[in-house]
Amino acid sequence: MDKVIRKPADAVADIPDNASLAVGGFGLNGIPETLIRALHAQGATDLQVVSNNCGVDDRGLGILLGAGRISRVTGSYVGENKEFARQYLSGELEVELVPQGTLAERLRAGGCGIPAFYTPAGVGTQVADGGLPWRYAPDGTVALPSPAKETREYDGRPHVLEHGITTDFALVRAWRGDRYGNLVFRRAAANFNPLAAMAGRTTIAEVEELVEPGVLDPDQVHLPGVFVQRVVPLTPAQAADKQIEKRTVRA
C-alpha cells in the first residue's frame with residue numbers, strides 16, 4: 001500500500017519508447033514539471049502525449065517536444081509554443097485537436113471504463129465530418145486527415161461519437177497526497193490532473209506535500225488512491241518552482 005518513490009528518476013524509469021502518456025495541467029499551471037524533467041533525462045522517445053496543451057518552448061512538455069521526443073499530441077490548445085507550431089506545420093508532429101470539454105470527458109470516460117459516448121460538441125464541423133489535418137507533409141499539404149465520426153440523433157439533436165482515452169502512463173501534480181495515493185489538488189491545478197490520473201494505467205503523481213494515511217479528510221480527497229500507483233514527494237524547491245505562462249501587470 002505504500003506507493004512512495006523518493007526519486008523522480010526511479011518513478012519514470014520503466015516508461016518505454018512509444019509509450020502513451022496522459023499529462024495533467026493547463027498552460028504551465030499544475031504541470032508535473034519534475035516528472036517531465038526526469039523523463040527527459042531518462043531518454044524515452046516517440047511518446048504519444050494526451051494533454052490539454054504542450055507547455056511552452058522551455059517548460060513543461062515543451063522540454064520533451066524541443067528534444068524531438070514526442071511523436072503525437074492529442075490536445076485542445078496549442079498555446080504559446082512556437083516549436084509545437086513549427087513541428088506540426090512541417091510534418092514532424094502528428095496532432096489531434098479536440099474540443100476542450102470533449103477531451104476532458106474522453107479522459108474521464110476512459111478512467112471509468114466507458115468506451116465511448118455521444119456529445120453535441122463538434123457537430124457540423126470537421127471534428128465530426130473529418131478532414132482536420134492530423135499530420136502535414138513537408139510541402140504543406142495534408143498527409144493525414146482526421147476521419148469522419150459516427151453521428152446519431154437524440155431528442156431531435158445530432159450528436160457525434162467520441163471514444164474514451166486510456167494511456168500506458170499518466171503524469172500528474174497534486175498539492176497534497178498520502179502514501180496510499182489519495183490526492184488533493186489546489187485551485188486551478190484541479191484542472192486536467194484528476195482526469196489524466198484516471199486515464200493512466202500506471203499513474204505517477206508528484207506531490208508538494210506528502211502526509212501520512214489518515215491525515216487527509218476523506219471528504220476532501222479529490223482523487224482516491226485506487227487511480228494512483230506511484231507517489232513522488234517533491235522537495236521544497238521543486239514544490240515552489242511554479243511558472244506563469246503570461247504575466248499581465250498594470251502600471
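User: Which residues does Thr202 touch, not counting residues up to four places away in sequence?

Analyst: Happy to start there! In this predicted model, Thr202 touches Asp168, Phe169, Ala170, Gln229 and Arg230 once those sequence neighbours are set aside. Thr202 itself belongs to strand 12, which covers residues 200–211.

User: Why is Thr202 called buried?

Analyst: The relative accessible area of Thr202 is 18%. Buried means under 20%, so Thr202, at 18%, counts as buried.

User: How do you know that strand 8 and strand 9 pair?

Analyst: Pairing needs at least two bridges between the strands. Strand 8 (residues 151–154) and strand 9 (residues 157–163) are joined by four bridges, so they pair, and they run antiparallel. Within that arrangement, Glu153 stands opposite Pro158 of strand 9.

User: What is the phi of Asp155 in the hairpin of strand 8 and strand 9?

Analyst: Asp155 has a positive phi, near 55°. This hairpin has two residues between its strands.

User: What makes up the lining of the largest pocket, by class?

Analyst: Seven nonpolar, three polar and eight charged residues. Glu and Lys count as charged and Ala as nonpolar, while Gly is placed among the polar ones. The lining has 18 residues, and Asn29, Gly30, Ala189, Glu208 and Lys242 lie nearest the centre of the pocket.

User: Which strand gives the most to that lining, and what is the volume of the largest pocket?

Analyst: Strand 10 (residues 167–178) gives the most, with three residues. The volume of the largest pocket is about 300 Å³.

Key: Residues are numbered from 1 along each chain as its sequence is written. This is a predicted model: local features need pLDDT of at least 70, side-chain atom pairs count only at pLDDT 80 or more; totals for chains, interfaces and linings use all residues. Side-chain values use heavy atoms; hydrogens and water are left out. On a 1 Å grid over the protein atoms alone, a cavity is a set of points where a 1.4 Å probe fits but cannot get out, and a pocket is an open set with protein on both sides within 12 Å along at least five of seven lines; lining residues have an atom within 4 Å of a point. Grid points are joined across faces, edges and corners, and a volume is the space filled by probe spheres set on the points. Buried means under 20% relative accessible area, exposed over 50%, partly exposed in between (1.4 Å probe, protein chains only). Contact means heavy atoms within 4.5 Å.
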